[in-house]
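Visitor: Could we go through this structure together, starting with its surface and then turning to whatever else comes up?

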Amino acid sequence: MVNAGDMNGSGNLMDFLDEPFPDVGTYEDFHTIDWLREKSRDTDRHRKITSRSKESVWEFIKSLLDAWSGWVVMLLIGLLAGTLAGVIDLAVDWMTDLKEGVCLSAFWYSHEQCCWTSNETTFDDRDKCPQWQKWSELLVSQSEGASAYILNYFLYILWALCFAFLAVSLVRVFAPYACGSGIPEIKTILSGFIIRGYLGKWTLLIKTVTLVLVVSSGLSLGKEGPLVHVACCCGNFFSSLFSKYSKNEGKRREVLSAAAAAGVSVAFGAPIGGVLFSLEEVSYYFPLKTLWRSFFAALVAAFTLRSINPFGNSRLVLFYVEYHTPWYMAELFPFILLGVFGGLWGTLFIRCNIAWCRRRKTTRLGKYPVLEVIVVTAVTAIIAYPNPYTRRSTSELISELFNDCGALESSQLCDYINDPNMTRPVDDIPDRPAGPGVYTAMWQLALALVFKIVVTIFTFGMKIPSGLFIPSMAVGAMAGRMVGIGVEQLAYHHHDWIVFRNWCRPGADCVTPGLYAMVGAAACLGGVTRMTVSLVVIMFELTGGLEYIVPLMAAAVTSKWVADAFGKEGIYEAHIHLNGYPFLDVKDEFTHRTLATDVMRPRRGEAPLSVLTQDSMTVEDVETLIKETDYNGFPVVVSRDSERLIGFAQRRELILAIKNARQRQDGVVSNSVVYFTEDPPELPPNSPHPLKLRRILNLSPFTVTDHTPMETVVDIFRKLGLRQCLVTRSGRLLGIITKKDVLRHMAQMANQDPESIMFN
């Protein structure tokens with residue numbers, strides 16, 4: 001199928017040049033790469049290095065360096081991604097607390113760090129210490145009362161607005177690509193699309209800085225998705241330092257797949273989950289070699305983050321928990337109910353968010369991104385401050401919801417009525433009746449849940465870095481904790497019911513509400529993203545408990561089934577389609593009975609196909625054809641009469657070849673004949689010097705017959721990553737099918753707007 005010797009990019013590209021001319025084999029912005037050609041070029045490069053390695057010791061050392069360059073790149077990605085994640089975590093911790101107060105002994109300390117260093121902190125009031133002062137204490141020397149509350153409220157909103165305004169301004173001025181989650185675009189880039197600058201150095205810098213600002217502002221978004229984008233920017237940067245990756249877009253995408261794994265590894269402290277996330281959710285082409293390298297990059301990134309220890313608890317994430325009570329079969333029913341809730345929430349969120357984002361793109365709302373961010377931040381801060389569960393950072397909220405109520409917990413959620421005669425180990429506290437604090441926490445959580453559901457719909461997709469993992473987990477964790485407390489109280493007050501009789505005796509520790517929060521978080525995240533395997537692995541790496549895999553699997557599968565019943569697309573695929581990226585999803589099925597002849601161009605009534613002939617066109621004819629059309633390449637035929645196919649020439653390489661020939665070869669003028677054969681055509685005497693372009697001709701373009709089912713054609717495009725495919729009958733050229741034609745046809749068959757595929 002691919003003749004390596006004849007593929008573009010192998011050997012000398014023009015007879016009159018000793019070396020290939022610059023920029024050949026590269027792609028223009030918003031174009032798709034040719035995977036087959038990239039694979040062939042890498043095979044050629046590897047063959048040359050192997051043959052040269054036998055010539056001298058120096059060449060052998062160079063071949064070893066080339067072989068090890070992949071592992072070096074992974075090491076560098078892991079180190080930088082882990083370091084940036086640690087810095088982001090530390091900065092977010094400090095700036096989130098800055099909205100409420102400041103540490104007098106060292107202003108760069110967060111609230112927790114400030115009180116760690118204090119000698120006057122008691123265990124009961126471990127959040128209070130003289131060194132940490134709220135803004136009202138610092139400015140008006142009052143910590144209680146209406147005036148202190150109003151001043152703290154006002155400054156909370158002011159800080160949030162400052163952070164958000166600074167973030168959106170930096171994104172708008174310096175790096176427009178730093179907005180959003182980044183995962184839809186990374187999926188598209190990994191499928192072979194070129195978006196220049198999306199993984200650039202400016203994007204890396206601005207996304208890192210603004211991610212700290214937006215998370216600290218209290219908006220309903222997370223840093224986990226953007227950390228994948230940050231890690232891929234690191235991968236792109238280090239790829240550019242090694243010619244093996246910088247000159248081959250296919251090899252570069254192998255590095256980016258591994259970088260995505262490192263991003264999830266540091267986001268959740270889940271190296272194995274990161275590798276599976278890259279494999280299941282992000283990557284398009286994932287060979288076994290990339291699996292090993294992803295594992296290594298994720299390991300190095302997690303190790304680096306652990307060395308920084310941003311949370312001071314020797315864990316990689318803020319909400320690491322350990323449970324001590326087993327789960328029981330009867331609890332599978334509420335776990336599955338949480339899965340149903342997660343699927344319904346996922347469907348609701350995707351539909352509402354896509355409708356809002358489409359409105360943003362098609363109305364005047366999209367012209368005022370700064371104003372939109374300011375308004376959403378103001379509304380979020382005003383509503384969030386009065387409720388303690390929305391005032392704190394979302395990661396802290398999830399941490400509290402996941403926690404098991406031990407004897408040392410001071411949270412409202414752990415305000416149970418204790419039996420004064422209880423003499424049990426700390427880790428095995430029996431179920432107890434809920435106290436007033438738990439009931440207060442329940443209605444506050446209910447309000448926080450409604451608020452999170454609504455505000456996240458409007459927040460995701462604004463022109464700032466915004467991740468969806470943490471808000472989705474928070475929605476699920478709140479719903480799960482409330483269900484968990486409900487089941488716990490039901491089991492306590494009605495332990496004689498047949499459901500509880502066998503496993504929940506009086507005085508036993510039967511139900512763990514924190515486990516329900518974790519299951520709910522997994523269900524909601526699965527409902528929105530449609531992840532399954534990687535999601536379960538990430539969640540059990542978070543908890544360190546293999547025992548809870550079955551509840552997590554039950555919830556994840558249920559949420560996917562329920563969400564898939566309303567639509568197959570996850571949030572990332574929905575945003576890919578909204579933005580019109582040319583992404584052929586491997587998960588989509590094409591079941592229509594159409595043929596290649598129904599999709600190919602030219603259609604009946606259209607102008608004939610633009611082609612090059614093998615030896616009868618002049619340089620001027622070729623330049624005119626290039627100028628009058630915007631196609632990415634042209635089939636080469638024997639003659640216009642026979643239409644027998646010879647090969648395919650890329651537009652960009654034709655332009656570069658003619659430009660270089662005019663500059664470097666004497667005698668090439670506008671009426672010079674261009675030929676693609678081995679031997680020059682017979683020309684009349686005194687004719688100008690002909691131009692041979694056989695070396696830029698792909699002699700083995702992929703072809704199908706006009707009666708090939710489109711189901712097969714779609715499969716070929718997916719699995720081989722083709723840019724275009726020529727349609728022939730008995731060796732005679734009939735037409736061409738491009739990736740864009742395939743996407744348009746699929747949209748048409750699904751009763752969608754075929755013109756929504758915007759890019760080439």
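Guide: Let us begin with a nonpolar surface patch of about 830 Å², which is made by V57, W58, F60, I61, L64, L65, W68 and V72. Patches are made of residues with over 30% relative accessible area and no salt bridge, where like charges are joined within 9 Å and nonpolar side chains (Val, Leu, Ile, Met, Phe, Trp, Tyr) within 5 Å; accessible areas come from the Shrake-Rupley method with a 1.4 Å probe, and for residues only the protein chains shown count as cover. This is a predicted model, in which local features need pLDDT of at least 70 and side-chain atom pairs count only at pLDDT 80 or more, while totals for chains, interfaces and linings use all residues. Residues are numbered from 1 along each chain as its sequence is written, and side-chain values use heavy atoms, with hydrogens and water left out.

Visitor: Where does V57 lie, and is V57 buried or exposed?

Guide: V57 lies in helix α2, residues 57-98, helices being DSSP runs of H or I with at least four residues and strands runs of E with at least two, numbered from the N terminus. V57 is exposed at a relative accessible area of 62%, where exposed means over 50%, buried under 20%, and partly exposed in between (1.4 Å probe, protein chains only).

Visitor: How many salt bridges does a search of the whole structure find?

Guide: The search finds 25, a salt bridge being a side-chain nitrogen of Lys or Arg within 4 Å of a carboxyl oxygen of Asp or Glu. One of them joins the side chains of E38 and R41 at 3.2 Å, N to O, and these two residues lie three apart in helix α1 (residues 35-52), about one turn of the helix. E38 is buried, with a relative accessible area of 1%, and R41 is buried as well, with 16%. There is also a network of salt bridges that links D42, R45 and D66.

Visitor: What does D564 pair with?

Guide: The side chain of D564 meets that of R530 in a salt bridge of 3.0 Å, N to O. R530 lies in the loop between α20 (513-529) and α21 (533-543), whereas D564 is in helix α22 (residues 549-566), so the pair ties together parts that are 34 residues apart in sequence. D564 also forms a salt bridge with K560, the closest N and O atoms being 3.2 Å apart, and K560 and D564 are four residues apart in helix α22, about one helical turn. R530 is buried at 6% relative accessible area, D564 is buried at 17%, and K560 is partly exposed at 25%.

Visitor: Switching to strands, in what order do the four form their open sheet?

Guide: The order is β3-β5-β6-β9, with mixed pairing, and two strands pair if DSSP finds at least two bridges between them. β3 (612-613) and β9 (697-698) stand at the edges with a single partner strand each, so one side of each is left without a neighbour in the sheet. Two bridges join β6 (residues 645-650) to β9, and these strands run antiparallel; the bridge partner of A649 in β9 is L697.

Visitor: And over which residues does pLDDT stay under 50?

Guide: pLDDT, the predictor's confidence in each residue from 0 to 100, stays under 50 over residues 1-19 and over residues 423-427. The protein chain averages 86, and 91% of the residues score at least 70.

Key. Contact = heavy atoms within 4.5 Å.
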